[in-house]
Amino acid sequence: MRHLRTILLIVIALAVVAGLALLPVRDWFAQLQGWIAQLGTTGPLVLAAVYVIATVLLIPGSVLTIGAGTLFGLWVGLLTVLTGANLGALCSFLLSRTLLRERVAKWAEANPKFAALDRAIGESGFKMVFLSRLSPAFPFVLLNYLLGLTKVRTGAYALANLLGMLPGTFLYVYLGAAAREALGGTQASAAGPYKQILTYVGLAATIGVVVLVTRAARKALAEAGKTQAMTQAAEAQ
């Protein structure tokens, strides 16, 4: 698990490169982009709505995140994903506190990592939700439901969720935007090689930042867990 996110990012990047080289991705992209263009300004809204549904149904959204960057570019894609992912996360969180509480409680019983996180959230809800979002140890779609069982306030959860998912979301959307540049055909060629170099240098730098942030979050969560365990041991004596 320690290097899982780094390995996953490398695999995704290699898959994108292989797809661009071996498959008629450029033609597919042109057709899809034409359909999205027909939707006009509702295109990002449609993708955001799909993201909400996928999140509630526990479907990982990595492909949608990369696709948003490919279809809409970096900034519109980022805003689209943040909107859809956060609304979906909030829906899952509220469902866990109401209609699905008993079922989610059974999921939590099978997840020992969540038990430690739950205890820590009792003391510092916003901080622990934020750190858990930065850590790959907690799957995004499942954690939305599990956090609904905790005592964290809804407002604190929503803000911590938004801030905590920013680095990873930016990276995946950036990866999609880089693929968009590569699929640009003559436009990319006319821009010269320097823009392409800057794009990939920026991608490498973003990966480096996300990896460092992830390590820091993992370390902070581990320290919080140790502190919580020591506190409980002292109270038991």
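**Close-up views of a predicted model**

**View 1. A nonpolar surface patch is formed by F126, L159, L162, L163 and L166.** Together these residues have about 360 Å² of accessible area. Accessible areas come from the Shrake-Rupley method with a 1.4 Å probe, and for residues only the protein chains shown count as cover. A patch is made of residues with over 30% relative accessible area and no salt bridge; nonpolar side chains (Val, Leu, Ile, Met, Phe, Trp, Tyr) are joined within 5 Å, like charges within 9 Å. A salt bridge is a side-chain nitrogen of Lys or Arg within 4 Å of a carboxyl oxygen of Asp or Glu. Helix α10 gives the largest share of the patch, four residues. L166 is found in helix α10, and with 31% relative accessibility L166 is partly exposed. Buried means under 20% relative accessible area, exposed over 50%, and partly exposed in between (1.4 Å probe, protein chains only). Helices (H or I, at least four residues) and strands (E, at least two) are DSSP runs, numbered from the N terminus.

The model is predicted: local features need pLDDT of at least 70 and side-chain atom pairs count only at pLDDT 80 or more, while totals for chains, interfaces and linings use all residues. Residues are numbered from 1 along each chain as its sequence is written, and side-chain values use heavy atoms, with hydrogens and water left out.

**View 2. F93 and Y157 are one of four aromatic pairs in the structure.** Their ring centres are 4.0 Å apart and their planes are at 10°, so the pair is stacked. Rings of Phe, Tyr and Trp (its six-membered ring) pair if their centres lie within 6.5 Å; planes under 30 degrees apart count as stacked, over 60 as edge-to-face and the rest as tilted. The pair links distant parts of the chain, 64 residues apart: F93 is in helix α5 (residues 74–97) and Y157 in helix α10 (residues 154–182). Both F93 and Y157 are buried.

**View 3. F170 and Y174 form a tilted pair.** The ring centres of F170 and Y174 lie 5.9 Å apart, with the planes at 50°. F170 and Y174 are four residues apart in helix α10, which means a separation of about one helical turn. F170 is partly exposed, with a relative accessible area of 23%, whereas Y174 is buried at 15%. Ring pairs link W75, F170 and Y174 into a cluster.

**View 4. The largest nonpolar core has 18 residues.** A nonpolar core is a set of buried Ala, Val, Leu, Ile, Met, Phe, Trp, Tyr and Cys residues joined through side-chain atoms within 4.5 Å. L117, I121, M128, V129, L147, V152 and Y157 have the most contacts inside this core. Two or more residues each come from α5, α7 (112–121), α8, α9 (140–147), α10 and α12 (193–236). The largest share, four residues, is from α8. A second, separate core has 15 residues, including Y51, F72, L82 and M165.

**View 5. Helix α8 (residues 125–134) is largely enclosed by the rest of the structure.** Seven of its ten residues are buried: G125, M128, V129, L131, S132, R133 and L134.

**View 6. T55 is buried in helix α3 (residues 42–56).** Its relative accessibility is 0%. Not counting residues up to four places away in sequence, T55 touches G88, A89, S92, F140, V141, N144 and Y145; contact means heavy atoms within 4.5 Å.
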